[in-house]
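Walk through this model with the coordinates open.

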Amino acid sequence: MITCKSYHTILMIPLTLCLQTQGNFDLVGNNFPVFFVRDGMKFPDMVHALKPNPKSHIQENWRILDFFSHHPESLHMFSFLFDDLGIPQDYRHMEGAGVNTYMLINKAGKAHYVKFHWKPTCGIKCLSDEEAIRVGGANHSHATKDLYDSIAAGNYPQWNLFVQVMDPAHEDKFDFDPLDVTKIWPEDILPLQPVGRLVLNKNIDNFFNENEQIAFCPALVVPGIHYSDDKLLQTRIFSYADSQRHRLGPNYLQLPVNAPKCAHHNNHHDGFMNFMHRDEEVILSLGSRNSQILKFAITFI
């Protein structure tokens, strides 16, 4: 969670779609359809601007605004942040957006750009500054409690999943860059298309095991979904995995909450906290081992 002004927040919405036969797709976004910066090279400096003063450990608005004043593309995000949408009432009444542009690839190999959107079936509700002070002051975990109690009572929260799809051949026909995360795709030109639904119908049994150890990374995709040249997405592909390895160790994907539910194979071996049993060699080639290695050697000679 990133706090930018009083109780105005950006809520990160990571979600792993567990496909029983193909693995995990990590869709990591937030509750607004845009972001502050379009270039991942600026992300570390942005985070440092948002962090508390290293001496006083107090977050200072002047430092935040000083950084973003040099990046006018952030104005679109601020228009959401300081709008009535800036403070969601709780998790059940907030939208979600993948923000980045991905690619969908069909069986024929044809690729289309795609953006993902989550719409709550119970509507969108937000808090004013005064309400946020009162509600948050009474219980700083009010949103978590609301979600937990609703699921426990059988009032399962639901979100409909929509996509916007664009043919890459039409990319230059628009007056905006479709791969720029500081821009939205106009819905009157590229309408939302319903494709699925998310229902939260069970509370977790152990918060640490099933929540605190979750590790998301936009690099985790499944066949049919791939990355676009979105600059911020290309950076996130690398940075998230680095963060998770630092936080949970090199074998964080073996933790039950992160591991795919289907059979999976990779070339990962050893490392701390490795509890996967494997007794085979690591085969780096896809075909015949000898012929592939010979071909590799000849290519480099």
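Val99 sits in the loop between strand E5 (96-97) and strand E6 (102-105). Its backbone stands out: phi of Val99 is near 65 degrees, a positive value in a residue other than glycine. Is Val99 buried or exposed? Val99 counts as buried, because its relative accessible area is 7% and the cut-off for buried is under 20%. The model is a predicted one, and that applies to every value here.

Met273 is not a glycine, yet its phi is positive, at about 60 degrees. Met273 belongs to the loop between H7 and helix H8 (289-300). Val99, with its 7%, is buried.

Now step back to the whole chain. The protein has eight helices and ten strands. It holds 301 residues, and buried residues make up 38% of them.

One pair of residues illustrates separation along the chain. Ser141 is placed in the loop between helix H4 (129-138) and helix H5 (142-152). Asp90 is 51 residues away from Ser141 along the chain, and their C-alpha atoms are separated by 9.9 Å. Ser141 has 30% relative accessibility, and therefore counts as partly exposed.

Is Asp167 buried or exposed? At 18% relative accessibility, Asp167 falls under the 20% cut-off, so it is buried. Which residues does Asp167 contact, beyond its neighbours within four places in sequence? They are Lys110 and His112. With Lys110 the link is also polar: the two side chains make a polar contact at 3.3 Å.

Gln244 is located in helix H7. Its relative accessibility is 9%, which means that Gln244 counts as buried. Set aside residues up to four places away in sequence, and Gln244 touches Ala215, Phe216, Gly249 and Tyr252.

The aromatic rings come next. A search of the whole structure finds twelve aromatic pairs. One of them joins Phe78 and Phe82, and this pair is stacked. Its ring centres are 5.7 Å apart, with 10 degrees between the planes. The planes count as stacked because the angle is under 30 degrees. The two partners fall into separate accessibility classes. Phe78 is buried, because its relative accessibility is 11%. Phe82 has 38%, so it counts as partly exposed. Both rings belong to a cluster. Ring pairs link Phe78 and Phe82 with Phe35, Phe36, Phe43, Phe67 and Phe68.

Now look for open space. The second largest pocket holds about 590 Å³. Its lining comprises 27 residues. Leu220, Leu253, Pro260, Asn266 and His268 lie nearest the pocket centre. Which elements supply at least two residues each to this lining? Strand E4 (23-30) and helix H7 (231-248) do. H7 gives the most, with three residues. H7 is also the helix that holds Gln244.

How many cavities of 30 Å³ or more does the count give? The count comes to one. The largest cavity has a volume of about 70 Å³. Its lining is made of Asn31, Phe32, Leu85, Pro88, His93, Met94, Glu95, Ile124 and Cys126. By class, six of these lining residues are nonpolar, two are polar and one is charged.

Technical notes: Residues are numbered from 1 along each chain as its sequence is written. This is a predicted model: local features need pLDDT of at least 70, side-chain atom pairs count only at pLDDT 80 or more; totals for chains, interfaces and linings use all residues. Side-chain values use heavy atoms; hydrogens and water are left out. On a 1 Å grid over the protein atoms alone, a cavity is a set of points where a 1.4 Å probe fits but cannot get out, and a pocket is an open set with protein on both sides within 12 Å along at least five of seven lines; lining residues have an atom within 4 Å of a point. Grid points are joined across faces, edges and corners, and a volume is the space filled by probe spheres set on the points. Ala, Val, Leu, Ile, Met, Phe, Trp, Tyr, Cys and Pro count as nonpolar, Asp, Glu, Lys and Arg as charged, and the others, Gly among them, as polar. Buried means under 20% relative accessible area, exposed over 50%, partly exposed in between (1.4 Å probe, protein chains only). A polar contact is a pair of N or O atoms within 3.5 Å; within protein, one must be able to donate a hydrogen and the other to accept it, and residues adjacent in sequence count only if both atoms are side-chain atoms. Contact means heavy atoms within 4.5 Å. Helices (H or I, at least four residues) and strands (E, at least two) are DSSP runs, numbered from the N terminus. Rings of Phe, Tyr and Trp (its six-membered ring) pair if their centres lie within 6.5 Å; planes under 30 degrees apart count as stacked, over 60 as edge-to-face and the rest as tilted.
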